[in-house]
Amino acid sequence: MKEQVVCKTSDLQPGEIRESFFGKKNIIICRTQNDNFYAFMNQCIHQGAPLGKSLLCGATTDESTPGDYHYCHKDEVIRCPWHGREFDMKNEGRMLANPDKKLASFKVRIENEDVIVYK
């Protein structure tokens, strides 16, 4: 099993994305509001946009209607900076509009203050 320290927990605030490398692979590390960390390839599966330039956002609920929006999953959704494709971090990086497609992901664990990515 390959593993690598990619940053410190303090390098990333809740709701932020950070670019890093896992070996030669360009990856992103994401931290949710409840301090869970996730790692994905730094490339949108649609047209290859760098997801490190993305925003973490939420999603609308089923109760939303035109002009009356309700949100959930705050800072748990990666929105591609080029075309707005959205990926759910907590659901293996699956695309919200088409859950059959997902980002390449990596496992993450925290030891002391180290964020460790492994495969």
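**Entry 1. Ground rules.** I worked with a predicted model, in which local features need pLDDT of at least 70, side-chain atom pairs count only at pLDDT 80 or more, and totals for chains, interfaces and linings use all residues. Residues are numbered from 1 along each chain as its sequence is written, and side-chain values use heavy atoms, with hydrogens and water left out.

**Entry 2. The annotated range.** I looked up the UniProt record, an unreviewed entry, which lists residues 4–117 as "domain: Rieske". Its positions are given in the numbering used here, feature names are shortened, and annotations may be inferred rather than shown by experiment. Over residues 4–117 I noted 0% helix and 47% strand.

**Entry 3. The six-stranded sheet.** I traced an open sheet of six strands, ordered β1-β10-β9-β4-β3-β2, with antiparallel pairing. Two strands are taken to pair if DSSP finds at least two bridges between them. The edges are held by β1 (3–8) and β2 (17–22); each has a single partner strand, so one side of each is left without a neighbour in the sheet. On average, neighbouring strands of this sheet are turned by 35 degrees against each other, direction ignored. Axes for this angle are lines fitted to C-alpha atoms (for helices over the stretch in contact), and angles run from 0 to 180 degrees between N-to-C directions.

Strand β4 (residues 37–41) and strand β9 (residues 105–111) are joined by two bridges in the antiparallel sense. Ser105 in β9 is the bridge partner of Phe40.

**Entry 4. The four-stranded sheet.** I found a further open sheet, made of four strands in the order β5-β6-β7-β8, again with antiparallel pairing. Its edge strands are β5 (55–60) and β8 (94–95), each of which pairs on one side only. Strand β7 (residues 86–88) meets β8 in the antiparallel sense over two bridges. Across this pairing, Phe87 stands opposite Met95 in β8.

**Entry 5. Cysteines.** How many disulfides does a search of the whole structure find? The search returned zero, taking a disulfide as a pair of cysteine sulfur atoms within 2.5 Å. I checked Cys7 and found that its nearest cysteine sulfur, that of Cys30, is 11 Å away. Cys30 likewise is in no disulfide, with the sulfur of Cys7 as its nearest cysteine sulfur.

I also looked up exposure, where buried means under 20% relative accessible area, exposed over 50%, and partly exposed in between (1.4 Å probe, protein chains only). Cys7 counts as buried because its relative accessibility is 6%. Cys30 is buried as well, at 0%.

**Entry 6. Salt bridges.** Arg79 is partly exposed, at 35% relative accessible area. I also recorded a network of salt bridges that links Glu3, Arg109 and Glu111.

**Entry 7. Glu92.** Where does Glu92 lie? I located Glu92 in the loop between β7 and β8. Glu92 forms a salt bridge with Arg94, the closest N and O atoms being 3.3 Å apart. Arg94 counts as partly exposed because its relative accessibility is 22%. Glu92 also forms a salt bridge with Lys102, here with 2.9 Å between the closest N and O atoms. This pair links distant parts of the chain, 10 residues apart, since Lys102 is in the loop between β8 and β9. Lys102 is partly exposed, with 36% relative accessibility, and Glu92 is partly exposed at 42%.

**Entry 8. Positive phi angles.** I noted that Glu92 has a positive phi of about 60 degrees although it is not a glycine. His73 is a further non-glycine residue with a positive phi, near 55 degrees. I placed His73 in strand β6 (residues 71–79). Its relative accessible area is 40%, and His73 is therefore partly exposed.

Methods
A salt bridge is a side-chain nitrogen of Lys or Arg within 4 Å of a carboxyl oxygen of Asp or Glu.
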